[in-house]
Amino acid sequence: MAEKNGKIKTYIKGLDENLQGGIPEGHLVLVCGSAGTMKSSVAFNIIYNEVLEGKTGIYLTLEQSHASLLKQMENMEFDLSKVNVQVLEEISKIDEVAKKVKSSKGTLVISDLGAIRKKLADTKFGPSGDWLNAMKNIIKKISTSSKCDLFVLDSLSALYVLSSFDKPRTKIFHIFEFLRDLGLTSFLVSEMPIDQSKYSEYEVEDFLADGIIYLQLTKRYRKVTREISVVKMRATECNNDVFTLEYKNKKFQATFGGRTPLVE
Ligand SMILES: Nc1ncnc2c1ncn2[C@@H]1O[C@H](COP(=O)(O)OP(=O)(O)OP(=O)(O)O)[C@@H](O)[C@H]1O
Ligand SMILES: [Mg+2]
């Protein structure tokens, strides 16, 4: 495991400074927001920059295809040629991908469960198969063959649709513990309803997570501002103010924490 008490930066300028440098390693963080609030981009930005530093991460996309995800990231000018990207779109290729992860320093594994779902539509998995187990097996396989540091699940909400969650409290507890036991710093994307009434589907996730990052689009007259706040971050003295979130010159920036830009 990486050095103790290490921090994983959010790579959002202005936010890390308000988080004692970043997110404690091994934490499990919910990235919450309604549609189009840049949940995937914020999570991708973290994992991409950590992989640039030589770490290994798995980005598991359940509904958005890897092609669509990478297109969005290329449009945001992430230089994908700088990192070793391995796409897993067939379960049978898992050993091959795991080997490639092992042989290189710093790899971003994009696991496209949507593609796997399409290919496995007629097999034992079926449309209502046990995707939770499929997800666990992918993570286990890669992280046991080489050291894996980060994990992004995009999204937790999609996983709920794909697997049966009859006893959500128990199941969610076990998923979170599974990720913690592997020593992963995890980011779970949580799609919020449009009325933004809750951060997660069953709300128990809020209590079980170590951190919550909340993204929102705020309307003032006809102008919409992107905003970010850290609702909680265990073991961290953090500023919970609402910051304006901007993506400029290939970088995220959080500004105006606790202040109204209009009166600056
Ligand atoms: N420079 C940029 N390049 C591309 N998209 C950008 C840029 N700046 C802002 N965006 C916006 O980011 C949004 C998409 O971001 P992202 O896919 O990360 O959001 P999301 O919250 O994951 O969305 P979804 O709810 O669809 O999963 C788009 O609405 C897009 O307009
Ligand atoms: Mg998304």
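Predicted model: local features only at pLDDT ≥ 70, side-chain atom pairs only at ≥ 80, totals over all residues.
Colleague: Now β9. In which sense do β4 and β9 pair, parallel or antiparallel?

Modeller: Strand β4, residues 28–33, pairs with β9, residues 185–191, in the parallel sense over six bridges. Within this pairing, Val-29 stands opposite Phe-187 of β9, and Leu-30 stands opposite Leu-188 of β9.

Colleague: And how many bridges join β8 and β9?

Modeller: Four bridges, again in the parallel sense, with β8 spanning residues 150–154. Leu-150 stands opposite Thr-185 in β9.

Colleague: Is β9 mostly covered or mostly exposed?

Modeller: Strand β9 is mostly covered, as six of its seven residues are buried.

Colleague: At what angle do α3 and α5 pack?

Modeller: The angle is about 35°, and the axes of α3 and α5 (residues 131–145) are 9 Å apart. The crossing of these two helices is right-handed.

Colleague: Which residues make that contact?

Modeller: From α3 they are Ile-94, Ala-98, Val-101 and Lys-102, and from α5 they are Ile-138, Lys-141, Ile-142 and Ser-145. By class, the residues of the contact of α3 with α5 are five nonpolar, one polar and two charged.

Colleague: Next, the ligand. Which residues are around ligand 1?

Modeller: The residues around ligand 1 are Gly-33, Ala-35, Gly-36, Thr-37, Met-38, Lys-39, Ser-40, Ser-41, Gln-72, Asn-75, Met-76 and Tyr-247. The elements that give two or more residues to this shell are α1 (39–52) and α2 (66–75).

Colleague: Which element gives the most to that shell?

Modeller: Helix α1 does, with three residues.

Colleague: How do the residues of the shell around ligand 1 divide by class?

Modeller: Four are nonpolar, seven are polar and one is charged.

Colleague: Tyr-247 was in your list for the ligand. What does Tyr-247 stand opposite in β13?

Modeller: Tyr-247 stands opposite Phe-252 in β13. Strands β12 and β13 pair in the antiparallel sense over five bridges. They form a hairpin with two residues between them, and Asn-249 in the turn has a positive phi of about 45°.

Colleague: What is phi of Lys-250?

Modeller: Phi of Lys-250 is near 65°, a positive value in a residue other than glycine. Most residues other than glycine have a negative phi. Lys-250 is found in the loop between β12 and β13 (251–255).

Colleague: Why does Lys-250 count as exposed?

Modeller: Lys-250 is exposed because it has 10 other C-beta atoms within 10 Å, and 12 or fewer is the cut-off for exposed.

Colleague: Where is Ala-235 found?

Modeller: Ala-235 is found in the loop between β11 (223–233) and β12 (243–248). Phi of Ala-235 is near 60°, also a positive value in a residue other than glycine. Ala-235 is partly exposed, with 13 other C-beta atoms within 10 Å.

Colleague: One point on the peptide bonds. Is the bond from Asp-154 to Ser-155 cis or trans?

Modeller: That bond is cis, with omega near 10°. Most peptide bonds are trans. Ser-155 has its place in the loop between β8 and α6 (156–162).

Colleague: Finally, Gly-22. Why does Gly-22 count as buried?

Modeller: Gly-22 counts as buried because it has 21 C-beta neighbours inside 10 Å, and the cut-off for buried is 20 or more. Gly-22 is found in the loop between β2 and β3 (23–24).

Colleague: Which residues is Gly-22 in contact with, leaving aside its neighbours within four places in sequence?

Modeller: Gly-22 is in contact with Lys-7, Ile-8, Lys-9, Thr-10 and Asp-16. Separately, the C-alpha atoms of Gly-22 and Met-233 are separated by 9.6 Å, although the two residues are 211 residues apart along the chain.

Terms used
Residues numbered from 1 in each chain as written. Chains lettered and ligands numbered in written order. Pairing = 2+ DSSP bridges. Contact = placed C-beta atoms within 7 Å. Near = placed C-beta within 6 Å. Nonpolar A, V, L, I, M, F, W, Y, C, P; charged D, E, K, R; others polar. Axes fitted to C-alpha atoms, helices over the stretch in contact; angles between N-to-C directions. Left-handed = near helix turned anticlockwise from the far one by under 90°.
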